[in-house]
Amino acid sequence: MGKIGVHEFVSLDGVFETPSWTAPYGFTEGMGQAIGALTAASSAILLGRTTFQMFAPAWSTRTEEEDPGAPFFNDTPKYVVSSTLRSADEWQNSTVLGAYDPQAIRRLKDEVNGTIYVSGSGRLVRGLLADGLVDELHLLVYPIVLGEGQRLFPDGTQRAPLALVAQETFENGVVHLTYGPADTA
């Protein structure tokens, strides 16, 4: 049985949309190793429609020479949760799962050996957390308060108890926090 590992870049106030605001902090070797470990353990990618439509044109033409992550994003099977997309042909190895359905995600977890990697996809991530489907939540928290923008967990997000599993700090001030489901028994 597979597991779901979510990766997000977030500001201190929880903004995750269009993370161009991360650029001034650079991308450290340690950050590359942390994200590389996540992708290396993953054998599938799960994305919401909006993130898929942002990632497809950005990654589908990238080569390994341009970005060492390109083979993972281009060669790995991708599953898109969307009630509006009928096809995902613009990016190789992509399949539309249909509207969000926790049972379909559970079936996907049963079929995949290894981790199912999720990045961005805020609405999807909130649903996965609410349904107890996230096994690892990796937050790379940047030392900046943006004051506006789409938050990963806006007001009204369903409560989801988590437990801190690991943490590391990078020289640029970014903190990598790894959470798993809390033992609520």
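Phenylalanine 73 and tyrosine 117 are both buried. The model that shows them is a predicted one. Across the whole structure, a search finds nine aromatic pairs, and there are four salt bridges.

**Aromatic contacts**

- Phenylalanine 52 and tryptophan 91 have ring centres 5.7 Å apart and planes at 40 degrees, so this pair counts as tilted.
- Phenylalanine 52 belongs to helix H2, while tryptophan 91 sits in the loop between strand E3 (78-81) and strand E4 (94-98), so the contact ties together parts 39 residues apart in sequence.
- Both phenylalanine 52 and tryptophan 91 are buried.
- Phenylalanine 73 and tyrosine 117 make an edge-to-face aromatic pair, with 5.9 Å from centre to centre and 75 degrees between the planes.
- This second pair links distant parts of the chain, since phenylalanine 73 is in helix H3 and tyrosine 117 is in strand E5, 44 residues apart.
- One aromatic cluster is formed by Phe55, Trp59, Phe72, Phe73 and Tyr117.

**Salt bridges**

- Lysine 3 pairs with glutamate 136 in a salt bridge whose closest N and O atoms are 2.7 Å apart.
- Lysine 3 lies in strand E1 and glutamate 136 in strand E6 (residues 136-142), so this bridge ties together parts that are 133 residues apart in sequence.
- Lysine 3 is partly exposed, at a relative accessible area of 31%, and glutamate 136 is partly exposed as well, at 22%.
- Arginine 151 forms a salt bridge with aspartate 13, and their closest N and O atoms are 3.2 Å apart.
- Here too distant parts of the chain are linked: arginine 151 is in the loop between E6 and strand E7 (162-169), aspartate 13 is in the loop between E1 and H1, and the two are 138 residues apart.
- Arginine 151 is partly exposed, with a relative accessible area of 28%.
- Aspartate 13 has a relative accessibility of 17% and therefore counts as buried, the limit being under 20%.
- Lysine 109 and aspartate 135 meet through their side chains in a salt bridge of 2.9 Å, N to O.
- Lysine 109 lies in helix H4 (residues 102-111) and aspartate 135 in the loop between H5 and E6, so the bridge joins parts 26 residues apart in sequence.
- Lysine 109 is buried, with a relative accessible area of 5%, whereas aspartate 135 is partly exposed at 27% relative accessibility.

**The largest pocket**

- The volume of the largest pocket is about 1300 Å³.
- Its lining is made up of 45 residues, and those nearest the centre of the pocket are Thr51, Met54, Phe55, Ser119 and Gly120.
- Two or more lining residues come from each of strand E1 (3-11), helix H1 (29-40), helix H2 (49-59), helix H3 (70-75), strand E5 (115-119) and helix H5 (122-130).
- H2 gives the largest share of the lining, seven residues.
- By type, the lining residues are 19 nonpolar, 19 polar and seven charged.

**Helix H1**

- At 1.5 Å a residue, the 12 residues of H1 should span 16 Å, which agrees with the 16 Å between its end C-alpha atoms.
- The buried residues of H1 are Gly30, Met31, Ala34, Ile35, Leu38 and Thr39.
- In an α-helix there are 3.6 residues a turn, so residues three or four places apart point the same way.

Note on methods. Residues numbered from 1 in each chain as written. Predicted model: local features only at pLDDT ≥ 70, side-chain atom pairs only at ≥ 80, totals over all residues. Heavy atoms only, no water. 1 Å grid on protein atoms, 1.4 Å probe; cavity = no way out; pocket = protein on both sides within 12 Å on 5 of 7 lines; lining within 4 Å. Points joined across faces, edges and corners; volume = space filled by probe spheres on them. Helix = DSSP H or I, 4+ residues; strand = E, 2+ residues; numbered from the N terminus. Nonpolar A, V, L, I, M, F, W, Y, C, P; charged D, E, K, R; others polar. Expected span 1.5 Å × (residues − 1). Buried < 20%, exposed > 50% of the residue type's maximum accessible area, 1.4 Å probe, protein only. Phe/Tyr/Trp six-rings, centres within 6.5 Å; stacked < 30°, edge-to-face > 60°.
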